[in-house]
Amino acid sequence: MQHPGPPRFVAVGESVQLAPRDPDPEATYSWRVRSAPAASTAELPDDEPVVEFVPDAAGTFGLELDAPDGIHRLTIRAFPGELAPADRVSGGSGVSGWSGFQSGSGRRPGESGGVSGSGSGARSGSGGGGRPRIQLRGSVEGSKLVVRADPQPHPDSDVDREEMAVEFLVDDRDDVDESEIDTEGWELRIPTAAVGDRVRIHGVAVAEAYSVPDTIEFCREVVPDGSGEGRAITLSSESQAAEGADADSGTVVEERHAFDVVRPNDPPEWAKDVTLYEIYVRGFAGDPAEIESETVFEAIEERLDYLADLGVDCLWLTPVLENDHAPHGYNITDFFSIAEDLGDREDYEQFVAAAHDRGMKVLFDLVLNHSARDHPFFQDAYGNPDSEYYDWYDWQDSGEPETYFDWEYIANWNFANLSVRRHLLDAVDTWFEVADGFRCDMAWAVPDTFWRELRERVKSRDSEFLLLDETIPYVADFHDGMFDMHFDTTLYFTLRQVGRGDAPAEAILDAIDQRAGVGFPPHAAFMLYIENHDETRYVVECGDEAAMAAAGALVTLPGVPMLYGGQELGQRGRRDALAWDHAREEFSDHYERLLDVRSEIPALGYEGTLERIDYETDADGAVAFARELDDTYVCVLNFEADPATVTLDDRDVDATDLITGESRATAAGLEVDDVAVFRAK
């Protein structure tokens, strides 16, 4: 179906991109405003398939897309402009500012440091607060489908929670008798008889701004066979007779059903507590000139047992597709072929199967913003406006391609061109078959309409498929029907600052709080990292002692830890071949112990809460906090070269460090070298 997707919540003056899904580049599409607030004069061009719509009045807009498969309606709720989240990035162009800029530790030009903003309400909005948050819960109660909202004001807001408003929208694609919907305050109810096979309810919280939306989905499931293929069951002759029907009629006499309640914005279950590991494919196995395996994939496969023993259960491989001369692989020349220097598709699939045999998932690095300038389409289009591929790219007035940060080897795709969307969706379909998730490169630079379509496209086939976005700084709106998990760039920057001695260790807890501060909903998941292929190694920038503490932060703070290949070996080169024969044993042993403890203590995982606690310490580079899930544990990190002494004001703990098995008790308090975890009594 070419419907443009779920309803949208925006503010007056914000741009919303509209695009047909599953597009046919040869077809004709047109848009029009079907209904609008009385004060609106907004119009849409009726001859473009991909358009930008800017609401000019508060209220509800009804738009129509005339597509080859019919006319589709789309609802847009526009709030007054003053309710727009501060610094919110419009999803129209997909651009979120300086994302991906590499300068030292990743700070933007002129940025002094501190907790990173998100481009999504990081600074306070009107009334002294910021963006609220919301989580929807669904249930089936008798003959009613019930959605209850749990809105939360911004942590700095003085708004009373009980005064917050919640607004719901029913998905335009679903078969629902809207006259039967009953909404009261934070609750919505629909009779089951008023619903077809599926209904999706979208909701936002409204205070000083409007929140990132959340969604509840009710899917009708046929009983008793659970096939879900339809609502009605044709009963056997005996059953019909028992129901009092004409045994010879063969007609349906009863409609029996149940509903599954789905939270589509939650991360996959398997992804909540994994340990990720990034493999830089042209260096992980060692010096390519010295590899004796037939292919690079085979050489990497030979290290899988090592990774499994380490505690890794999800692999992210840097791009494996045909590319230009750059060994990182992000300048792609063919979106459908494996790079010849790595192997072929059969070799790649064999590697994935070997990972699966060891219980590991595999993430495919999906690069959609651009192609290499060596791509044959770009070569045909460059300087040639008559090329069939000229409109596939964005161009500057100078005739040079649009790009970011003066990157000279790539050219940005033109996502207003349906042929580009079709080409990239076909690539998505190709690699979805041989991956457990996508790590989405430069997610900020791709329009949100494309990500929303991609998400529903893959999730309809595998609801447990993971979508991880790289966006620097992170953007809370990307948890609105786009991504399951996000790079925690704020924590990354803060850990660098603490490791250099430019910020106190307590800033780490501020970085965690910033997730709620910018409006991420409670169910959002985050990937924690201290380095990757784009960054200087942490140990090089911050030193051994801080690196040991930062490793502890990855496993004790809320989120999914990610190790960059060689990090656990004490590797110093960012993209050098891994020096396996020169691994530093103190680093390897440290990471093994940390990952073992994380796997043994559920409170350190996704469901565990983080609590600030009262403590005293003799080191600015030390911080203590609690993690709780049934049992409570106190974690201490020390980024300084000398041991730190910590005393807990209101906690009684067993002084045995669960990482080393040694007592940390001294007459002055708990003495911690780099990281320690204590069980509360």
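User: Where is Asp620 placed, and what makes it exposed or buried?

Analyst: Asp620 sits in the loop between β28 (615-617) and β29 (622-629); strands are DSSP runs of E with at least two residues, and helices are runs of H or I with at least four, numbered from the N terminus. Buried means under 20% relative accessible area, exposed over 50%, and partly exposed in between, with a 1.4 Å probe and protein chains only. Asp620 has 63%, so it is exposed. The model is predicted: local features need pLDDT of at least 70, side-chain atom pairs count only at pLDDT 80 or more, and totals for chains, interfaces and linings use all residues. Residues are numbered from 1 along each chain as its sequence is written, and side-chain values use heavy atoms, leaving out hydrogens and water.

User: Which residues form the negative surface patch?

Analyst: Glu545, Asp618, Asp620, Glu640, Asp642 and Glu671 form it. A patch takes residues with over 30% relative accessible area and no salt bridge, and joins like charges within 9 Å. Asp and Glu count as negative.

User: Why is the pair Arg422 and Asp426 called a salt bridge?

Analyst: A salt bridge needs a side-chain nitrogen of Lys or Arg within 4 Å of a carboxyl oxygen of Asp or Glu. Arg422 and Asp426 meet at 3.3 Å, N to O. Both lie in helix α6 (residues 418-432), four residues apart, about one turn of the helix. An α-helix has 3.6 residues a turn, so residues three or four places apart point the same way. Arg422 counts as buried at 16%, and Asp426 is partly exposed at 32%.

User: What makes the salt bridge of Arg500 and Glu541 a tie between parts of the chain?

Analyst: The side chains of Arg500 and Glu541 meet at 2.6 Å, N to O. Arg500 belongs to helix α8 (residues 489-500) and Glu541 to helix α10 (residues 538-542), so the pair ties together parts 41 residues apart in sequence. Arg500 is partly exposed at 26%, as is Glu541 at 24%.

User: How do you know that α11 is largely enclosed?

Analyst: In α11, 11 of the 13 residues are buried, so the helix is largely enclosed by the rest of the structure. Among them are Met548, Leu554 and Val555.

User: What span does α11 have, and what is expected?

Analyst: Helix α11 (residues 544-556) reaches 19 Å from its first C-alpha to its last, close to the 18 Å expected. The expected span is 1.5 Å times one less than the number of residues.

How values were computed:
Patch = residues over 30% accessible without salt bridge, like charges linked within 9 Å, V, L, I, M, F, W, Y side chains within 5 Å. Areas by Shrake-Rupley, 256 points an atom, 1.4 Å probe, with all protein chains shown as cover. Charge placed at Lys NZ, Arg CZ, Asp CG, Glu CD.
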